[in-house]
Amino acid sequence: MTQEQDWERAWLAKFSDGVARVAGEGARRQVMQGSEGLSSRSEQSAVIAWSQQAMERLENLLEERQCREVLTGCACQYPKEDLRDVRACYARTGDADLAHQMLQARFEAFLREILELEPAMVDEVVRRGWGLAGIKEGDRIIATKIPKSGHLADYMQEQDAERRRQLYCHCPRIRDALRSGETLSPTYCYCGAGYYQGIWQEIVQQPVEVEVLASVLQGDPVCTIAVHLPDPLRG
């Protein structure tokens, strides 16, 4: 496995760069101490222990808004080229409702054509408000993450609430932590929130604020993020 293919090293690089950008090199050195040997090959317990300590150091050194800024910058990003038509439509019309409808249509096509879900499963996912587009409520989007696609069938069949939480998250670090009975600061979930922030910032070409409303790290059954649309889109 090369470093470019190593999820853990790639995430650590984004985290390190974010701390330096937001709070400077001194803070970066303090927060990142002990991470040098970590990779996707590392023992689960070592990664979780370091992550717990790093989040504590981060929250001791930085203000809450700065911590959130660092974590949202660590998110996996939806491909910008796949948002080109939505961005162009919004630039032409200024219609956030239409942009949202385009995202929802794209997500449902993904469920049918890529994941090849049965119509009843697609309907259930849409009913729950899961996925790319979320639900538009006035000046905000309420986005609930869909369970990790590779675990979706198991998640839907699982009856045990704790096991469902362990199957749900897209982040391998969180899945490992939940399986071992460990936890991390809820601030960590702003990494997942950054995925939705990136989508809407690309569409509207303006800064977008996000807020974690629920997460499996806090014991909730799902992860829900509010995307607060900037003032020019409201009304």
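Accessible areas here come from the Shrake-Rupley method with a 1.4 Å probe. By that method, the protein chain exposes about 11900 Å². Carbon and sulfur atoms supply 46% of this area. The model is predicted.

Now take the overall form. The C-alpha trace of the protein chain spans about 50 × 40 × 35 Å along its principal axes. The radius of gyration is 18 Å. A compact globule with 235 residues would have a value near 18 Å, so the chain agrees with that expectation.

What secondary structure does the protein chain have? It comes to eleven helices and four strands. Contacts tie the chain together across its sequence. Among contacts with a separation of 6 or more, 61% are accounted for by residues 24 or more positions apart. Of the 235 residues, 46% count as buried.

Charge comes next. The protein chain carries 28 positive and 36 negative side chains. The centres of these two sets lie 2 Å apart.

His100 sits in helix α6, which covers residues 96–114. Is His100 buried or exposed? Its relative accessibility is 12%. Buried means under 20%, so His100 counts as buried.

How values were computed: Residues numbered from 1 in each chain as written. Predicted model: local features only at pLDDT ≥ 70, side-chain atom pairs only at ≥ 80, totals over all residues. Heavy atoms only, no water. Helix = DSSP H or I, 4+ residues; strand = E, 2+ residues; numbered from the N terminus. Rg over C-alpha atoms; globule rule 2.2 N^0.38 Å. Buried < 20%, exposed > 50% of the residue type's maximum accessible area, 1.4 Å probe, protein only. Contact = heavy atoms within 4.5 Å. Lys, Arg positive; Asp, Glu negative; His and termini not counted. Charge placed at Lys NZ, Arg CZ, Asp CG, Glu CD.
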